[in-house]
Amino acid sequence: MAQKDLSYLHLSLQGYGQTSRRNPNDIMPIVKIISQKLDGHLTLIGVGDVQSSADLTRAFELGYDLVAVGRALVTEPRWLNLILNDQPVITTMNSSEWLERVVPKEMVCNTKINFPMTVLE
């Protein structure tokens, strides 16, 4: 892949530090394996359950060049400001809170389906 005319590689994982789902004996995070193969020749972007500043720091330590934040921003639109000010981040949302958090109802429904532990009844 590093020899292809690509600008970046984006990994979308259930968890940014996820290991092999097929081989339970392989404990090396997938991003580490890919990062070593790319050897800095291609920008590596990752996403996958980044919820806190510790997650963000660890993701960069594992080898990502850029980290995308998805669900954490859906449940807490002020996520970045809270992280920058070292304040706690709420990682769940009651299904009735979508209006006050300015989250489109469709996005709440989709989040409830795909990540049921995030949206509480």
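This briefing covers the fold, the strand pairing and the core of a predicted model. Local features rest on pLDDT of at least 70 and side-chain atom pairs on pLDDT 80 or more, while totals for chains, interfaces and linings use all residues. Residues are numbered from 1 along each chain as its sequence is written, and side-chain values use heavy atoms, without hydrogens and water.

**Fold**
- The protein has five helices and five strands, taken as DSSP runs (helices H or I, at least four residues; strands E, at least two) and numbered from the N terminus.
- Along the sequence their order is β-α-β-α-β-α-α-β-α-β.
- Of the 121 residues, 32% are buried (under 20% relative accessible area, 1.4 Å probe, protein chains only).

**Strand β2 and its partners**
- Four of the five residues of β2 (residues 43-47) are buried, so the strand is largely enclosed by the rest of the structure.
- β1 and β2 pair in parallel over five bridges; pairing requires at least two DSSP bridges.
- L11 has G46 in β2 as its bridge partner.
- β2 also runs parallel to β3 (residues 66-67), joined by two bridges, and I45 stands opposite L66 in β3.

**Core**
- The largest nonpolar core holds 17 residues, with L44 and Y64 making the most contacts inside it; such a core is a set of buried Ala, Val, Leu, Ile, Met, Phe, Trp, Tyr and Cys residues joined through side-chain atoms within 4.5 Å.
- β1 (8-12), α1 (30-38), α2 (53-62) and α4 (79-84) each supply at least two residues of this core, and α2 gives the largest share, three residues.

Conventions. Buried < 20%, exposed > 50% of the residue type's maximum accessible area, 1.4 Å probe, protein only.
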